[in-house]
Amino acid sequence: MRRLFFSLVCLLIASVAWALVTKPWQPAKLWGVYQINWGPERFETGLKAQIAQLDAVPDYVLFFRDLHPQRGFPTATAAICKQVGATPVISQEIWEWNQRESGDRSWLTRINAGAYDAYWKRWGEAAKAFDAEVVLRFGFEMNGDWFAWGQQPEAFIAAWRRVHRIVREEVGAMNVQFMFSPNVEWETEDTQIAIELYYPGDDVVDLLGLDGYNFGDHHTQWHRWQTYETVYEKSIEKMSQWDKPLILAEIGCADGPLKADWMRNFLNEVEADSRVSGFIYYNHFDPHKSEPNWLLDSDPETLKVFQKYVSSN
């Protein structure tokens, strides 16, 4: 009897060991991708192509939106995300695309003067009718100087709180999650990049986001190849002062011989970092812009690394 018991125990241990070896690794973090929004039909085609390429459905799909009154809440695009099983992340630019001029910094002032109250009321009503979770990434990268709404902390906070009051309190669109998403801080003497200057308050923030890219060695003379730690660590630590889920909301890696290694290290670091809930990869390349090629399939090995990660999710 004792020998039989011992044999059964050994068999059980062997079975568990085999299961651990053969069962794919299950990442704990949420993940997403960017999909350019050139109308619902092209958006759906592009998103489904990404899903087919990765052989996995993302938790989040990020796209951009402006303040044009004829666009408003993107119901059709959000519905496509919902249909595939992903949460839409609406990255709200604080200007109208047909009027965007880098020198015009009046957009936050216009919001605070009430010029867009009716817009946000209609937006909130449509979002509420959508009846599924939506993430609003309002005025992302506000601590940088490259957008018209950048580096205006007091006006940004006032605009955020005004929009939150209309959407959540007046309209009651409780399905809208507000994401505070600055850019990672970088080496500079500019004190206006400090993330904490723009934080609108725990009572009006649901999620934290953080944008950061490895631009590589060849983008400009000021950029260099950077690791996960050099890009994100300082800013993640600063964001951790607020008890909110943190998502690396825009991440990407430039082309180079180490792109696959960078991606492999990034995924391992994210999995091990308890401060980070997930990430969204900016899987896009615009040859008309002077930006690196962020596409996962620009390097076959990088694509394989990413496919392996998300297919086991």
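This is a predicted model: local features need pLDDT of at least 70, side-chain atom pairs count only at pLDDT 80 or more; totals for chains, interfaces and linings use all residues.
Residues are numbered from 1 along each chain as its sequence is written, and side-chain values rest on heavy atoms, with hydrogens and water left out.

Volumes refer to the space filled by probe spheres set on the points, with grid points joined across faces, edges and corners. The greatest contribution to the lining of the largest pocket is that of α7, with four residues. By class, this lining divides into 19 nonpolar, nine polar and 14 charged residues; Ala, Val, Leu, Ile, Met, Phe, Trp, Tyr, Cys and Pro were counted as nonpolar, Asp, Glu, Lys and Arg as charged, and the others, Gly among them, as polar.

The second largest pocket has a volume of about 250 Å³. It is lined by 14 residues, and those nearest its centre are Gln35, Gly46, Gln50, Asn283 and His284. Helix α2 (residues 40–54) gives the most to this lining, with four residues, and the lining of the second largest pocket is made up of six nonpolar, six polar and two charged residues.

A search of the whole structure for disulfides (pairs of cysteine sulfur atoms within 2.5 Å) returned zero. With buried taken as under 20% relative accessible area, exposed as over 50% and partly exposed as in between (1.4 Å probe, protein chains only), Cys81 is buried at 0% relative accessibility, and Cys253 is likewise buried at 1%.

Aromatic pairs were assigned where rings of Phe, Tyr and Trp (its six-membered ring) have centres within 6.5 Å, planes under 30 degrees apart being stacked, over 60 edge-to-face and the rest tilted. By this rule the count comes to 39 aromatic pairs. One of these joins Phe64 and Phe140 in a tilted arrangement, with 5.4 Å from centre to centre and 45° between the planes. This pair links distant parts of the chain, 76 residues apart, with Phe64 in strand β2 (residues 60–65) and Phe140 in the loop between β4 (134–138) and α6 (153–170). Phe64 is buried, with a relative accessible area of 14%, and Phe140 is buried at 2%. Tyr213 and Phe215 also form a tilted pair, because their ring centres lie 5.9 Å apart and their planes stand at 50°. In this second pair Tyr213 is buried at 12% relative accessibility, whereas Phe215, with a relative accessible area of 22%, is partly exposed.

Charges over rings were assigned where NZ of Lys or CZ of Arg is within 6 Å of the ring centre and within 35 degrees of the ring normal. The charged end of Lys82 sits over the ring of Phe130, 5.4 Å from its centre, and that of Arg110 sits over the ring of Trp107, at 3.8 Å from the centre.

Trp123 belongs to helix α5 (residues 117–130) and is buried, with a relative accessible area of 0%. Its C-alpha atom lies 9.6 Å from that of Thr75, a residue 48 positions away along the chain. Leu197, in the loop between β5 (176–180) and β6, is partly exposed at 36% relative accessible area; the C-alpha atoms of Leu197 and Gln152, 45 residues apart along the chain, are separated by 9.2 Å.

Most residues other than glycine have a negative phi. Asp55, however, has a positive phi near 55°; Asp55 is found in the loop between α2 and β2 and is exposed, at 63% relative accessibility. Gln151 also has a positive phi, near 55°, and lies in the loop between β4 and α6, but Gln151 is buried, at 17% relative accessibility.

Terms used. Helices (H or I, at least four residues) and strands (E, at least two) are DSSP runs, numbered from the N terminus. On a 1 Å grid over the protein atoms alone, a cavity is a set of points where a 1.4 Å probe fits but cannot get out, and a pocket is an open set with protein on both sides within 12 Å along at least five of seven lines; lining residues have an atom within 4 Å of a point.
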